[in-house]
Amino acid sequence: MATTTVETGAKARHLPEHGPIDPVTGREVLLSIRNVDITFGKGDSAVKAVQNASFDIYKGETFSLVGESGSGKTTIGRAVIRVNPCAAGQILYKGVPISGKIPRSLDREVIRNIQMVFQDPAASLNERATVDYIVSEGLYNFHLFENEADRVQKVKNMITEVGLLPEHLTRYPHEFSGGQRQRIGLARAMVMEPELVVADEPISALDVSIRAQVLNLLKKFQEERDVTYLFIAHDLSIVRFISDRIGVIYKGNIVEVAEAEELFDFPLHPYTRSLISAIPIPDPILEKSKVLFTYDPSVHDYSTDKPELTDIGHNHFVYGNKKELEEYRAIREKGVPMKSITIRDPDAPQEEHEEETVDASAILSAPLHDTGSIWYLILSLLLPIPGIIAALIFKKKNYIKNYKACKKGAIICFAIIGAVIALFLLALLAAVVF
């Protein structure tokens, strides 16, 4: 990963024209995530959503960040657009730190150059605004037009590029389908002519037939405008065909970073293998016979030898301790692609397993009519002595909920009676004394 930064980055008030060059690959680094921690909450209730995350995104590429729900993908994406603050580490854009407190002039340039396409196309659009205003809002805020005619032309051109019609500009978001709303969100981002777009699962809420259209739009803008994408997703089957490089994240830790084909040929970290094995196979017979690879975090022993994200060669980064990294290097140097998906032979004899027996007594231990109905409580409240008797019978027959309801009602009744007697005695004592 690139280590070169702009010397005046910490004091910069504006972004440079170009970012630093990675000495290993010779490519321009547009965005760098350096040892970033992101924490929510304070004190004992603090939750560390992202831990020591590091990766670079080169100009003009699609870098995909994949992982299961709750792994920290969107948290990192929101940190890039300066919504989530970093508890530790730095985010560099063109070598200039953009995390934390920065000058207002630099903040405006970051907003102008980094745009986001959100996951939910309905919630991310203002329902009270027309499409024309939604797409034009960024143009208004940064005054990216010469006159009103220029603004109208820019908006019309953009709405046409995303596959909608100029007459749609006077409508409201609720009048469109999910795929059309996502096109509006894409138009809103692209009309700003950004260099980096954070696409937060932009196709997960769309129908399968619409997903390909939105993906084609993203690739079209990349080819025509040299846009760089941070593509956040959990579907590896899609990520493989649109990504230049892929980063895998697990519970806030970046566990593997490599080029797309490199990652699928050599998924060295066991969590990456589990994600690849979960990709559905279109053939139902093969899918039924597929053997899933399950990731077990307990296989790692990090008690003494602490892990870190390390380049094992071929620009392939893996998270592990020294022992694991040696094993990963040995596997990679053999050059034999790893097999993550195993298909069981449907004609092979299945292993016989002893049938598990169900203990009927365990089922009957909670009787059918043991509901703990409120009526038991009310009747015991009105008739405490019969309530106590009923509670003892229920307890003997293992009707625990009914027993507790009767017992509670009787206790409340006795408490009320005791309170009334105490008040009566106090009143009587007061009358005698005074």
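This is a predicted model: local features need pLDDT of at least 70, side-chain atom pairs count only at pLDDT 80 or more; totals for chains, interfaces and linings use all residues.
Residues are numbered from 1 along each chain as its sequence is written, and side-chain values use heavy atoms, with hydrogens and water left out.

**Entry: Glu-195**

I located Glu-195 in the loop between helix H5 (178-190) and strand S7 (196-200); helices (H or I, at least four residues) and strands (E, at least two) are DSSP runs numbered from the N terminus. I then listed its contacts (heavy atoms within 4.5 Å). Leaving aside residues up to four places away in sequence, Glu-195 touches Leu-30, Lys-59, Tyr-93, Lys-94, Asn-113, Asp-226, Val-227 and Thr-228.

**Entry: H3 and H4**

I found helix H3 (residues 131-142) packed against helix H4 (residues 148-161) at an angle of about 120°, with the axes 10 Å apart. The axes are lines fitted to C-alpha atoms over the stretch in contact, and angles run from 0 to 180 degrees between N-to-C directions. H3 is therefore oblique to H4 (under 35 degrees is roughly parallel, over 145 roughly antiparallel, 65 to 115 roughly perpendicular, the rest oblique). On the H3 side I recorded Val-131, Asp-132, Val-135, Ser-136, Leu-139 and Tyr-140, which meet Glu-148, Arg-151, Lys-154, Val-155 and Ile-159 in H4. The residues of this contact divide into six nonpolar, one polar and four charged (Ala, Val, Leu, Ile, Met, Phe, Trp, Tyr, Cys and Pro are nonpolar; Asp, Glu, Lys and Arg charged; the others, Gly among them, polar).

**Entry: aromatic pairs**

I applied the ring rule: rings of Phe, Tyr and Trp (its six-membered ring) pair if their centres lie within 6.5 Å, and planes under 30 degrees apart are stacked, over 60 edge-to-face, the rest tilted. The count comes to nine aromatic pairs. Tyr-250 and Tyr-271 form a tilted pair, 4.5 Å centre to centre with 50° between the planes. This pair joins strand S9 (residues 245-250) to helix H9 (residues 270-277), the two residues being 21 residues apart. Tyr-250 is buried at 13%, and Tyr-271 is buried at 2%.

I also examined Tyr-376 and Phe-394, an edge-to-face pair at 5.2 Å and 75°. Tyr-376 is partly exposed at 28%, whereas Phe-394 counts as buried at 17%.

Methods. Buried means under 20% relative accessible area, exposed over 50%, partly exposed in between (1.4 Å probe, protein chains only).
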